[in-house]
Structures are given as C-alpha cells and as structure tokens.
Amino acid sequence: MDFKPDPYLKTFRDEVRQFLSEKLDPALTSSFQDFRSDRESLVAWQKILHANGWGGPYWPKHHGGTGWTAHQQQIFDEECNKAGAPSLDIFGHKLLGPAVNEFGDDRQKQEHCAKILSGDRLWCQGFSEPGSGSDLASLRTSAELKGQHYLVNGQKIWTSYAHEADWIFLLVRTNPEAKKQAGISFLLLDMKTPGISVRPIISIDQRHHLNEVFFDKVQAPVEDRVGNEGDGWNITKFLLNNEHATTAELPTLQAYFRHLKSIGKKLSYAGRPLAEHSTFRLRMARFEAEISAITMMVARVASLDQAGDHSPAAQSLGSLLKIRGTELMQSMSQFIVESLGEYGAVSYVSPAETSAKDALPLADDFGEFAANAFFRRAATIYGGSSEVQRGIVSKMSFQF
Ligand SMILES: Cc1cc2nc3c(=O)[nH]c(=O)nc-3n(C[C@H](O)[C@H](O)[C@H](O)COP(=O)(O)OP(=O)(O)OC[C@H]3O[C@@H](n4cnc5c(N)ncnc54)[C@H](O)[C@@H]3O)c2cc1C
C-alpha cells in the first residue's frame, strides 16, 4: 500500500470537519467515548449520516456505502471521535452488513442492509455459548427444520447490547450428525420473536453491556437463513476476520492519547505538571510510536480487505492487529488511571453526587476512566482472545 501523503486526503478531512461542525448536534456529543453510545444517540447520529449520504462509511458504493478508501474511513473515524460523535452500530456496519452483502440473497440485502444504513435496525451477535467461545464450532444451540421455519432452542452468552438490538445474527446447529463445522448455519432473527428472553450480565465497570440470550422453541423463518444449510462456518470465518481487524479500535487509542496529554497538563507531581516529568514523557513517546504503527497496520488491513485479499497473510495481519491494538488499549487505559493518582480511584461520579465533585474537581473530566480501564481488561478476550489470535498467526505463517 501507498503511505505517501495524499493532498486529496486533506481536503477530505476538511470536508468531514465541516460536516461535523454543521451537522453534529452538541447534545449528542460526549467528551468521553465509552465502549458504545446509548441507543438513542447512536440511532439519531446514524440518521444524520444517512441523510447526508454517509450512512455506510465502510461499505463500497455498490452496497449503498460511501465507497471511501481505507484512508478516508480512518480519517472519518478519527474526526468523529475527536468531535465526540456517537458511535456506530459496529455489529451492523462491520460484521453483519458485509456478510449479508457477500453471502445473502437479494431480498436479505435489500431489507437488512437498507435498515442498517437508515439506522432503523440495530444488531447483536449471537455466537458464543457457555462452553463454546474460542471453540465456537462446538456450539449446541439447535435449529430443527419444521416446514417453513426452524425451531430454535438453546442459549447464547456475552451477547453485547442484545438488550438494545432489534435483530440478532446467530449461529445454530442444523445438522447434529455432520462434522462439527459442517453442521452449523447462520440465521437472522427478530429479537421480538416469541420465545427469546434476554438476561443482563453486569460487568466489572457496573454497566450493562452484556447479556445472556435464551431461545425456547423460537420459530425462525427459513428465508432468514443466510447462505445454505451448513454454510454458517464459512460465513463466520469471513465475519470474524473483519471482527479481529476492527477490535484494534484505533480511534479509542487516539482518544486515550489525547486524554493523557490533557492529564499531563492538568495534573502535577512534585510541583511540576506531569507532562514535564521524563518518566511520563517517555511513556507518551512510546504510546505515540505504537499508535503510529497501528495506524499503518489498520490502513494496510483495510486496503487488503478492499482489494478482496483473504490470503493467509492478510488474515494473520487482522489477528496481529487485534493483539497489538487491544494490548495497547489495556496499557494506555491502565496508565491513565495511574497518572490520575487519587482521582484514578473514582470509578464513576453520578450527576447527583455533588459532594464527590466538590472534593474531586476533576471528576467531571476523568471520572469514567477507572471503570473503563476495568472493562478494557476484556479487550484481549472479546472478538477472539489474544492466545487464540497467536494460534491463528502461527498457523497462517506456515502457509505464506
Ligand atoms: C466484553 C465481552 C463482549 C463480548 N461480546 C460478545 C458478543 O457480542 N457476541 C458473542 O457471540 N460473543 C461475545 N463475547 C464472547 C467472546 O467472543 C468470548 O468470550 C471469547 O471468544 C472467549 O471465549 P470464552 O469466554 O468461552 O473463553 P474460553 O474459550 O473458554 O477460553 C478460556 C481461556 O483459554 C484460552 N484458550 C482457549 N482456547 C485456546 C487455544 N486454542 N489456544 C490457546 N489458548 C486458548 C483463552 O485464550 C482464554 O484465556 C464477548 C466477550 C466479552 C468478554
């Protein structure tokens, strides 16, 4: 790929900034980007993007997207994050949408992809089950064909934002006799279908991101199966490769860096701002170098993807990116908490806690960081654990 600076990209960045200054309602913005914005802001922002023709920033034009290059997508993400824009529904944009466009039939493409673009349908990912996470192919949720629908029974776990999603894409076992992978199919299901229940799992940051989802004699229409029966594993491989690459979350790393800069200026140690201490500066220099390396890797993975390169080398790059990005995310979020000193002990200050805010004048700015650092311990697990990614890299490297 070409790393030469492109003057056109500067114009594009200006265009994105202009758009954000005109169209991003300040009521939707937040100075701290959490894992994901609340449903209301996320949908409102998606609708604004869609009205501007930017509803599919990661999709090619023939799929209804903007057709932006990898570099343009990176600039868009970066500027949105800087401006405090709400997040997008990554499950729809980066996982399900591309999979439906690749493997779905025309009706599925028209219905589901159009609703992702318009913000009218949010998705969640029903893959993991108790006992089937890394070893996903051992999943047991069953789908038995009964005429024009499947009868789905079983349980998913760690289903992020299932409580806010309209639909779920899930892996089910349609053929218990076949070899593990060959018996799996890929279904799309309306979360309002009778027999689906969602139970929250509150994580270490005391928030509700995660859920268990139970299926009790749920009727799933056959027309909402993507691909043929038994194609589920192939679709999953395509989709997980996208997931590994996206979990590097470059804009989050860039945001952490900005927050650290601000902490370095605002907080002092031994009578001098942190930013004037050599230990702090050294860590910052290392973070900056690592972010630059990851920025290039992200662009490289995205351009290979755009070129349709799914070779072993391209796949192992996605895994490498997942490992490097999430490990950096953890060390940066941890360093933020350390740099905050006593303020780092505040995991969350609610708007009602005026006394805490008086006692900790910086709590408004930094109150969320400890909670975030705790939650980010999961970054090396979700989207495929680091150990499993290392296994993929070593397996793929024999095929170069
Ligand atoms: C915050 C969060 C959000 C999530 N969101 C979703 C979601 O929306 N949808 C969804 O379907 N899933 C989701 N997951 C589940 C996630 O994909 C799994 O947790 C992950 O794949 C690991 O599976 P597991 O938890 O069953 O752990 P296990 O697979 O049981 O792994 C346990 C340990 O063994 C190690 N291990 C396992 N296999 C190997 C191997 N072959 N080689 C070396 N080490 C190995 C792992 O690295 C890990 O340290 C989420 C998880 C978290 C924490």
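**Entry 1: the ligand shell.** I began with the ligand, and found that β1 (123-126) and α13 (386-397) each supply at least two residues of the shell around it. My helices (H or I, at least four residues) and strands (E, at least two) are DSSP runs, numbered from the N terminus. Before going further I noted that this is a predicted model, where local features need pLDDT of at least 70, side-chain atom pairs count only at pLDDT 80 or more, and totals for chains, interfaces and linings use all residues. Residues are numbered from 1 along each chain as its sequence is written.

Which residues come nearest to the ligand? Of the 19 residues around the ligand, they are F127, G133, S134, S385 and E387. A residue counts as near if its C-beta atom, placed from the backbone, lies within 6 Å of the molecule. I sorted the shell by type and got 8 nonpolar, 10 polar and 1 charged. In that sorting Ala, Val, Leu, Ile, Met, Phe, Trp, Tyr, Cys and Pro are nonpolar, Asp, Glu, Lys and Arg are charged, and the others, Gly among them, are polar.

**Entry 2: domains.** I have three in the protein chain: domain 1 (7-88), domain 2 (123-230) and domain 3 (247-397). The bounds come from an automatic or database domain assignment. Domain 2 and domain 3 each give at least three residues to the shell around the ligand. I also took the centres of domain 1 and domain 2 over C-alpha atoms, and they are separated by 30 Å.

Entry 3: For burial I count other C-beta atoms, placed from the backbone, within 10 Å of a residue's own: 20 or more is buried, 12 or fewer is exposed, and in between is partly exposed. β1 pairs with strand β4 (residues 167-173) in the parallel sense, over 4 bridges; a pair needs at least two bridges found by DSSP.

On helix α13 I picked V388. V388 is partly exposed because 18 C-beta neighbours lie inside 10 Å.

Entry 4: Does the length of α7 agree or disagree with its residue count? Helix α7 (residues 250-266) has 17 residues, so at 1.5 Å a residue it should span 24 Å, and the 25 Å between its end C-alpha atoms agrees. The expected span is 1.5 Å times one less than the number of residues. The buried residues of α7 are L250, P251, T252, L253, Y256, H259, L260 and I263. Their cover includes α3 (70-82), α8 (278-306) and α9 (312-339).

I then ran along α8, which has 29 residues and reaches 42 Å from first C-alpha to last, close to the 42 Å expected. Its buried residues include F280, I294 and V298. After α8 comes G308, with a positive phi near 75°.

**Entry 5: the β6-β7 hairpin.** Strand β6 (residues 196-202) and strand β7 (residues 208-221) run antiparallel and are joined by 7 bridges. V198 has V213 in β7 as its bridge partner. The hairpin has 5 residues between the strands, and Q206 lies in that loop.

Most residues other than glycine have a negative phi. I therefore flagged Q206, whose phi is positive, near 65°, and which counts as exposed with 11 C-beta neighbours inside 10 Å. K217, in strand β7, also has a positive phi, about 50°, although it is not a glycine. K217 counts as exposed because it has 10 C-beta neighbours inside 10 Å.

I finished on E212, also in strand β7. Is E212 buried or partly exposed? E212 is partly exposed, with 17 other C-beta atoms within 10 Å. Beyond its neighbours within four places in sequence, E212 is in contact (C-beta atoms, placed from the backbone, within 7 Å) with Q155, I157, R199 and I201. E212 and A162 are 50 residues apart in sequence, and their C-alpha atoms are 8.3 Å apart.

Terms used:
Two residues are in contact if their C-beta atoms, placed from the backbone, lie within 7 Å.
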